[in-house]
Amino acid sequence: DGLALMQAVGFGTGLFMTEKMMRKHPDQALPITSVLVATTAFISMLWSLSDGWIGTLPGWESMTLPNLFFDPSLHDVAIAVLWTGLLSTSLNFGLEVLSLGKVPSGEASVILATEPLWAAAFASIIFGESFG
């Protein structure tokens, strides 16, 4: 519960600070996005290191980025990593930063809060998922 609360506070604070930066420097969306993506990558790296799976499990070397893209048996995983890094993270942050240059963070947070509803609707329409 504490982590969930911290995530919500961090998300709201990030939106507020990004809006302030975009209002002050409206032509700096790409550098702001770069910092967001780099910060996300750094925190993910720290999490991976502290979680204990790097360096402890047998064969962990095959799960590093160079081997991930060269090992044919990990082709699907490599595609998922590319999708997550380029589209789900980088493109998402870029569009979010550009939008925060035009929409106040309070309104943006309400719009972004509807994301689970859109995900459920698209899952129902595209994949035929049913609600339980």
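Ser105 lies in helix α5 of the predicted model. With a relative accessibility of 12%, Ser105 falls under the 20% limit and therefore counts as buried. Its side chain forms a polar contact with the side chain of Glu19, at 2.7 Å. When neighbours within four places in sequence are set aside, the residues in contact with Ser105 are Leu15, Phe16, Glu19 and Leu100.

The largest pocket of the model has a volume of about 1,200 Å³. Helices α1 (2-24), α2 (29-51), α4 (75-100), α5 (105-112) and α6 (115-127) each give two or more residues to the lining of this pocket. In total, 29 residues line the largest pocket, and those nearest its centre are Gln7, Gly10, Phe11, Thr40 and Phe93. Helix α1 provides the largest share of the lining, with 10 residues. Sorted by class, the lining of the largest pocket consists of 17 nonpolar, 10 polar and 2 charged residues.

Helix α6, one of the elements that contribute to this lining, is made up of 13 residues. From the first C-alpha of α6 to the last, the span is 17 Å, close to the 18 Å expected at 1.5 Å a residue. Helix α6 is hardly covered, as the count of buried residues among its 13 residues is 0. The residue that follows α6 is Gly128, which has a positive phi, near 70 degrees.

Methods. Residues numbered from 1 in each chain as written. Predicted model: local features only at pLDDT ≥ 70, side-chain atom pairs only at ≥ 80, totals over all residues. Heavy atoms only, no water. 1 Å grid on protein atoms, 1.4 Å probe; cavity = no way out; pocket = protein on both sides within 12 Å on 5 of 7 lines; lining within 4 Å. Points joined across faces, edges and corners; volume = space filled by probe spheres on them. Helix = DSSP H or I, 4+ residues; strand = E, 2+ residues; numbered from the N terminus. Nonpolar A, V, L, I, M, F, W, Y, C, P; charged D, E, K, R; others polar. Expected span 1.5 Å × (residues − 1). Buried < 20%, exposed > 50% of the residue type's maximum accessible area, 1.4 Å probe, protein only. Polar contact = N/O pair within 3.5 Å; in protein donor to acceptor, adjacent residues only side chain to side chain. Contact = heavy atoms within 4.5 Å.
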